[in-house]
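I am opening my notebook to look up a few helices and loops in this structure, one entry at a time.

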Amino acid sequence: MFHTTTLLAQGAAAALPQAAAAAEPTASTPQLVIAAVAGIAVIIVLIVWLKVHPFLALVLGSGVLAVTAGIGLTDTFTSFSAGLGSTVAGVGVLIALGAIIGKLLIDSGGADRIVDTILDRTPAKRLPWAMALIAFVVGIPLFFEVGVVLLIPVVMIVARRMRTNPVLVGIPALAGLSALHGLVPPHPGPLLAIEALGADLGLTLGLGLLVAVPTVIVAGPLLAVPLTRWVRLAPPVSVLGMSDGDGAPGDGGPSNATAGLRKPTFGMSVLVVLLPVILMLARSVVEIAGATETGYGTVLEFLGEPLVALLLTSLFALFAFGTAVGRTRQQLGDLVGSSFAPIAGILLIVGAGGGFKQTLVDSGVGEVIASGIADAGITPLLAGWMVAALIRIATGSATVATITAAGIMAPLAAGLEPTHAALLVLAIGAGSVFLSHVNDAGFWLVKEYFGMTVGQTFKTWSLMESVLSVVALLVVLLLGAFV
């Protein structure tokens, strides 16, 4: 099977041979373990207690790790720079293309169209399931924070009209967004883990969707019912200060982004969301079937290349959400430009995380820890989840947890079958969303939107994230036992 991310990693290593040579591990095993602990501890202390931005924390943590591991001072950041460059080259472009698609989806009213169509055709008692479905669909191309900002007003409108506890419809929506964020590319976390572990993107995407479906069902609509009994919230009287008809997303009212424009159809909106998924999955099917040498196989293999799939989808979105609904070329250019500003911080963190991961690998720390895990008899899938969950609890960042865990588990992934390498990515992704609490920005975002106390947020959002993480792990382990 052709592995895009494996070739990417090999190409980056070939282009930067000095990084590996400079970081040739010469330290003893105890020193390397101390180096790993010191580097991770510095990152945790800087992020949690000193409130340093994760980008700077990852840079400084990489430096501490390298120096402690015995890498010369002049080569302290050689591996970091190489890892940052290869990560941004491989993952950064995909994130940027995903941001374009998400921006066009929102500002054209396409996301609203998906929401409105599903809600209009759903009986009241099925609305929690509808909210989970909406979050699942729109969560594929959207970053978690963007999805929350888009869907929480819809949640409040639905709760108000139903005169029900917003937890009943809010938890399914949050579960859908969180599961896609942790498990399914092109979200940054899964992309980073795929690149670090040399997994196949299409295969990981397919398995990620397979894991996400039962995970969202359990952690979303099913869990929401008992949560409404534990945390009783009154139906909202307003939606972020607006009542129905004021233009809040999902209520059918006009918004600044769509005023004077035709809304795209439901079918067109869903097609844009699912197009990259279809192309990448088709590529994986062709590869698994061994049909890459056929005429149609060659075409599908090319179209399913992640960069090509997202580029084609971006171009199609420019038409479907741009010229087809009445936007000028200048307006489209401005929209594309504005989509990059919100992801600047994400790209910096992702790049720095790639640098930290490369430092872990080149110093030999990853190999030592991976050997320890193997000697302890812990399966790689469970070990990957545990490492990611611990770092998530400590730092509050799913991205940092994914990056660090992937770097530690990279040596073990080298000997895994393609399917199990993809499942290791998903296990790490599942661990990266475990137990969101007060050091996670998402915790406070949900608290403020729902108007809950800290205790109520623990009983709803934090519990949902924990259940989602554990259920995803169980599904991954089950798949690992049969594939």
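Setting aside neighbours within four places in sequence, I found Thr164 in contact with Ala159, Pro235 and Pro236, where contact means heavy atoms within 4.5 Å. The model is predicted, so local features need pLDDT of at least 70 and side-chain atom pairs count only at pLDDT 80 or more, while totals for chains, interfaces and linings use all residues. Residues are numbered from 1 along each chain as its sequence is written, and side-chain values use heavy atoms, with hydrogens and water left out.

I placed Thr164 in the loop between α8 (144-162) and α9 (166-183); helices are DSSP runs of H or I with at least four residues, numbered from the N terminus. Is Thr164 buried or exposed? Thr164 counts as buried because its relative accessibility is 16%, and the terms are set by relative accessible area with a 1.4 Å probe and protein chains only: buried is under 20%, exposed over 50%, and partly exposed in between.

Arg163 lies in the loop between α8 and α9 too, but Arg163 counts as exposed, at 73% relative accessibility. I noted that Arg163 has a positive phi of about 55° although it is not a glycine. Most residues other than glycine have a negative phi.

**Entry on α18 and α20.** I looked up how helix α18 (residues 380-395) lies against helix α20 (residues 418-431), and their axes come within 7 Å and cross at roughly 25°. That makes α18 roughly parallel to α20, a term for angles under 35 degrees, with axes being lines fitted to C-alpha atoms over the stretch in contact and angles running from 0 to 180 degrees between N-to-C directions.

Which residues of α18 meet α20? They include Leu381, Trp385 and Ala388 in α18, which face a set in α20 that includes Leu423, Leu424 and Ile428.

**Entry on Leu435.** In the loop between α20 and α21 (441-450) I found Leu435, which has a positive phi of about 50° although it is not a glycine. Leu435 is partly exposed, with a relative accessible area of 28%.

**Entry on α16.** Helix α16 (residues 344-363) has 20 residues and reaches 29 Å from its first C-alpha to its last, close to the expected 28 Å, a span defined as 1.5 Å times one less than the number of residues. I noted that α16 is mostly covered, with 14 of its 20 residues buried. Just after α16, Gly364 takes a positive phi of about 90°.

Note on methods: Helix = DSSP H or I, 4+ residues; strand = E, 2+ residues; numbered from the N terminus. Parallel < 35°, antiparallel > 145°, perpendicular 65-115°, else oblique.
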